[in-house]
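Here's a quick walk through this protein chain, starting with the overall build and then zooming in on a few residues. Keep the model open as you read.

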Amino acid sequence: MNVLHLINYAGGGGSEKYIEILVEHLKDLNVSLACNEEGKLSEKFKEKGIPVFKIEMRKPFDFKAAKQLANLCKENNIDVIHSHYLRENYISILSKMFFGNKEKIVYTCHFNTPDSLVVTLLNKVFYRKLDKIIAISKTVGDTLIRSGSPKDKIEVIYHGMPE
(Lines give C-alpha, C1' and ligand atoms only; values in the text may rest on other atoms or scores of the structure.)
Protein backbone atom coordinates (compact mmCIF):
# COMPACT_ATOMS: atom_id res chain seq x y z
CA MET A 1 0.00 0.00 0.00
CA ASN A 2 1.33 3.46 -0.94
CA VAL A 3 0.62 6.18 1.63
CA LEU A 4 1.32 9.86 1.06
CA HIS A 5 1.55 12.02 4.19
CA LEU A 6 0.50 15.57 3.40
CA ILE A 7 1.65 18.36 5.71
CA ASN A 8 2.26 22.04 5.07
CA TYR A 9 5.47 22.37 7.11
CA ALA A 10 7.63 19.28 7.55
CA GLY A 11 9.44 20.70 10.58
CA GLY A 12 10.22 19.19 13.94
CA GLY A 13 7.09 19.57 16.06
CA GLY A 14 4.69 17.09 17.60
CA SER A 15 2.73 16.35 14.43
CA GLU A 16 5.93 15.63 12.57
CA LYS A 17 7.03 13.28 15.36
CA TYR A 18 3.64 11.55 15.06
CA ILE A 19 4.29 10.97 11.35
CA GLU A 20 7.76 9.59 12.13
CA ILE A 21 6.29 7.16 14.68
CA LEU A 22 3.67 5.97 12.18
CA VAL A 23 6.33 5.34 9.55
CA GLU A 24 8.54 3.47 12.03
CA HIS A 25 5.72 1.21 13.21
CA LEU A 26 3.97 0.60 9.89
CA LYS A 27 6.98 -0.67 7.95
CA ASP A 28 4.93 -2.73 5.52
CA LEU A 29 3.63 0.47 3.90
CA ASN A 30 5.35 2.38 1.12
CA VAL A 31 5.45 5.93 2.43
CA SER A 32 6.12 9.28 0.84
CA LEU A 33 5.74 12.86 2.04
CA ALA A 34 4.41 15.96 0.33
CA CYS A 35 4.92 19.34 1.94
CA ASN A 36 4.93 23.03 1.20
CA GLU A 37 7.93 23.87 3.39
CA GLU A 38 10.74 21.46 4.13
CA GLY A 39 12.31 21.07 7.56
CA LYS A 40 13.62 18.43 9.97
CA LEU A 41 11.03 15.80 9.01
CA SER A 42 11.61 16.08 5.27
CA GLU A 43 15.37 15.94 5.81
CA LYS A 44 15.03 12.78 7.97
CA PHE A 45 12.83 11.18 5.32
CA LYS A 46 15.30 12.00 2.55
CA GLU A 47 18.13 10.48 4.63
CA LYS A 48 16.06 7.27 4.93
CA GLY A 49 15.36 7.22 1.19
CA ILE A 50 11.68 8.14 1.61
CA PRO A 51 10.43 10.24 -1.32
CA VAL A 52 9.65 13.88 -0.49
CA PHE A 53 7.61 16.03 -2.88
CA LYS A 54 6.90 19.75 -2.82
CA ILE A 55 3.39 21.08 -3.26
CA GLU A 56 2.82 24.78 -2.73
CA MET A 57 -0.26 25.05 -0.49
CA ARG A 58 -1.24 28.68 0.08
CA LYS A 59 -4.73 28.25 1.53
CA PRO A 60 -7.37 25.58 2.27
CA PHE A 61 -9.14 26.15 -1.06
CA ASP A 62 -6.03 26.05 -3.23
CA PHE A 63 -7.21 24.42 -6.45
CA LYS A 64 -3.74 24.57 -7.98
CA ALA A 65 -2.38 22.54 -5.06
CA ALA A 66 -5.33 20.12 -5.32
CA LYS A 67 -4.56 19.52 -8.99
CA GLN A 68 -0.84 19.04 -8.21
CA LEU A 69 -1.81 16.55 -5.50
CA ALA A 70 -4.06 14.63 -7.88
CA ASN A 71 -1.26 14.42 -10.46
CA LEU A 72 1.27 13.37 -7.83
CA CYS A 73 -1.03 10.61 -6.62
CA LYS A 74 -1.60 9.28 -10.15
CA GLU A 75 2.11 9.40 -11.03
CA ASN A 76 3.11 7.57 -7.82
CA ASN A 77 0.21 5.11 -7.50
CA ILE A 78 -0.85 6.50 -4.12
CA ASP A 79 -3.57 4.50 -2.36
CA VAL A 80 -4.07 6.68 0.73
CA ILE A 81 -3.56 10.37 1.40
CA HIS A 82 -2.99 11.01 5.11
CA SER A 83 -3.55 14.70 5.80
CA HIS A 84 -2.62 16.37 9.06
CA TYR A 85 -4.18 19.85 9.21
CA LEU A 86 -7.24 21.67 7.91
CA ARG A 87 -5.51 23.23 4.88
CA GLU A 88 -4.05 19.94 3.73
CA ASN A 89 -7.27 18.12 4.48
CA TYR A 90 -9.37 20.46 2.36
CA ILE A 91 -6.82 20.29 -0.48
CA SER A 92 -7.02 16.47 -0.36
CA ILE A 93 -10.80 16.60 -0.54
CA LEU A 94 -10.73 19.11 -3.40
CA SER A 95 -8.37 16.80 -5.31
CA LYS A 96 -10.96 14.05 -4.95
CA MET A 97 -13.98 16.21 -5.76
CA PHE A 98 -12.61 18.13 -8.75
CA PHE A 99 -9.59 16.27 -10.12
CA GLY A 100 -10.66 12.64 -9.99
CA ASN A 101 -8.55 11.30 -7.16
CA LYS A 102 -9.76 7.85 -6.16
CA GLU A 103 -7.41 7.54 -3.19
CA LYS A 104 -8.73 7.08 0.30
CA ILE A 105 -8.30 10.12 2.53
CA VAL A 106 -7.45 9.82 6.20
CA TYR A 107 -7.30 12.96 8.32
CA THR A 108 -5.62 13.13 11.72
CA CYS A 109 -6.84 15.91 13.96
CA HIS A 110 -3.99 16.96 16.23
CA PHE A 111 -5.68 19.85 18.05
CA ASN A 112 -8.56 20.39 20.40
CA THR A 113 -9.69 23.82 19.32
CA PRO A 114 -13.27 24.77 18.50
CA ASP A 115 -13.84 25.73 14.88
CA SER A 116 -15.47 28.92 13.66
CA LEU A 117 -19.06 28.76 12.40
CA VAL A 118 -17.84 28.88 8.77
CA VAL A 119 -15.38 26.00 9.31
CA THR A 120 -18.04 23.99 11.15
CA LEU A 121 -20.43 24.38 8.21
CA LEU A 122 -17.70 23.45 5.71
CA ASN A 123 -16.72 20.42 7.78
CA LYS A 124 -20.29 19.15 7.70
CA VAL A 125 -20.04 19.01 3.90
CA PHE A 126 -16.37 18.23 3.30
CA TYR A 127 -15.77 15.65 6.02
CA ARG A 128 -18.33 13.35 4.46
CA LYS A 129 -15.76 12.84 1.67
CA LEU A 130 -13.19 11.50 4.15
CA ASP A 131 -12.73 7.79 4.60
CA LYS A 132 -11.49 8.01 8.20
CA ILE A 133 -10.84 10.71 10.79
CA ILE A 134 -8.30 9.97 13.49
CA ALA A 135 -8.62 11.90 16.74
CA ILE A 136 -5.57 11.76 19.00
CA SER A 137 -7.76 11.79 22.15
CA LYS A 138 -11.38 11.34 23.19
CA THR A 139 -11.59 15.08 23.85
CA VAL A 140 -10.42 15.82 20.30
CA GLY A 141 -12.98 13.33 18.96
CA ASP A 142 -15.78 15.04 20.93
CA THR A 143 -14.69 18.43 19.58
CA LEU A 144 -14.71 17.06 16.03
CA ILE A 145 -18.27 15.80 16.47
CA ARG A 146 -19.40 19.19 17.81
CA SER A 147 -17.85 20.89 14.79
CA GLY A 148 -19.70 18.83 12.21
CA SER A 149 -17.59 15.72 11.67
CA PRO A 150 -19.51 12.49 11.04
CA LYS A 151 -19.28 10.40 14.22
CA ASP A 152 -19.13 7.11 12.31
CA LYS A 153 -15.88 8.16 10.60
CA ILE A 154 -14.02 9.15 13.77
CA GLU A 155 -11.68 6.78 15.51
CA VAL A 156 -9.75 7.75 18.63
CA ILE A 157 -6.19 6.45 18.39
CA TYR A 158 -3.92 7.76 21.10
CA HIS A 159 -0.52 8.88 19.78
CA GLY A 160 -1.58 7.57 16.39
CA MET A 161 -1.01 3.93 17.27
CA PRO A 162 -3.54 1.37 18.48
CA GLU A 163 -2.80 0.17 22.00
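## The chain as a whole

In this predicted model, 49% of the 163 residues of the protein chain count as buried. The secondary structure comes to six helices and seven strands, and if you read along the sequence you get the pattern β-α-β-α-β-α-β-α-β-α-β-α-β. Along the principal axes, the C-alpha atoms fill a box of roughly 40 × 35 × 25 Å. For 163 residues, a compact globule would have a radius of gyration near 15 Å, and the protein chain agrees with that at 15 Å. Take the contacts with a separation of 6 or more: 63% of them are between residues 24 or more positions apart.

In soluble globular proteins, nonpolar side chains tend to be buried together. Here the largest nonpolar core has 28 residues, and Ile55, Leu69, Tyr127 and Leu144 are the ones with the most contacts inside it. The elements giving two or more residues to this core are strand 1 (2-10), helix 3, helix 4, strand 5 (104-109), helix 5, strand 6 (132-135) and helix 6 (138-146). Which element gives the most to this core? That's helix 3, with five residues.

Leaving aside neighbours within four places in sequence, Leu69 is in contact with Leu4, Leu6, Ile55, Ile81, Ile91, Ser92, Ser95 and Asn101. There's also a second, separate core of 18 residues, which includes Val3, Leu22, Phe45 and Ile134.

## Helix 1 and its cover

Helix 1 (residues 14-25) has twelve residues, and at 1.5 Å a residue it should span 16 Å; the end C-alpha atoms are 17 Å apart, which agrees. Its buried residues are Ser15, Glu16, Tyr18, Ile19, Glu20, Leu22 and Val23. What covers the buried residues of helix 1? The cover includes strand 1, strand 2 (30-38), helix 2 (40-47), strand 4 (80-83), strand 5 and strand 6.

Ala66 sits in helix 3 and is buried, because its relative accessible area is 0%, under the 20% cut-off. Ser95 is 29 residues from Ala66 along the chain, yet their C-alpha atoms are separated by 4.5 Å.

Phe63 lies in helix 3 (residues 63-75) and Phe98 in helix 4 (residues 86-99), so the pair ties together parts that are 35 residues apart in sequence. Phe63 itself is partly exposed, with a relative accessible area of 39%. Elsewhere, ring pairs link Phe61, Tyr90 and Phe126 into a cluster.

In the loop between helix 3 and strand 4 you'll find Asn77. Its phi is near 50°, a positive value in a residue other than glycine. Is Asn77 buried or exposed? Asn77 counts as exposed, at 54% relative accessibility.

Asn123 counts as buried at 0% relative accessibility, and a polar contact of 2.6 Å joins its side chain to that of Tyr90. Leaving out residues up to four places away in sequence, Asn123 touches Leu86, Tyr90, Asp115, Arg128, Ser147 and Gly148.

Thr120 is buried too, with a relative accessible area of 12%. With neighbours within four places in sequence set aside, Thr120 is in contact with Asp115, Arg146, Ser147 and Gly148. Asn89, by contrast, is 31 residues away from Thr120 in sequence and 14 Å away in space, C-alpha to C-alpha.

## Accessibility side by side

| Residue | Relative accessible area | Class |
|---|---|---|
| Ala66 | 0% | buried |
| Asn123 | 0% | buried |
| Thr120 | 12% | buried |
| Phe63 | 39% | partly exposed |
| Asn77 | 54% | exposed |

Key
Residues are numbered from 1 along each chain as its sequence is written. This is a predicted model: local features need pLDDT of at least 70, side-chain atom pairs count only at pLDDT 80 or more; totals for chains, interfaces and linings use all residues. Side-chain values use heavy atoms; hydrogens and water are left out. Buried means under 20% relative accessible area, exposed over 50%, partly exposed in between (1.4 Å probe, protein chains only). A polar contact is a pair of N or O atoms within 3.5 Å; within protein, one must be able to donate a hydrogen and the other to accept it, and residues adjacent in sequence count only if both atoms are side-chain atoms. Contact means heavy atoms within 4.5 Å. Helices (H or I, at least four residues) and strands (E, at least two) are DSSP runs, numbered from the N terminus. Rings of Phe, Tyr and Trp (its six-membered ring) pair if their centres lie within 6.5 Å; planes under 30 degrees apart count as stacked, over 60 as edge-to-face and the rest as tilted. A nonpolar core is a set of buried Ala, Val, Leu, Ile, Met, Phe, Trp, Tyr and Cys residues joined through side-chain atoms within 4.5 Å. The expected span of a helix is 1.5 Å times one less than its number of residues. The radius of gyration is taken over C-alpha atoms; the globule rule is 2.2 Å times the number of residues to the power 0.38.
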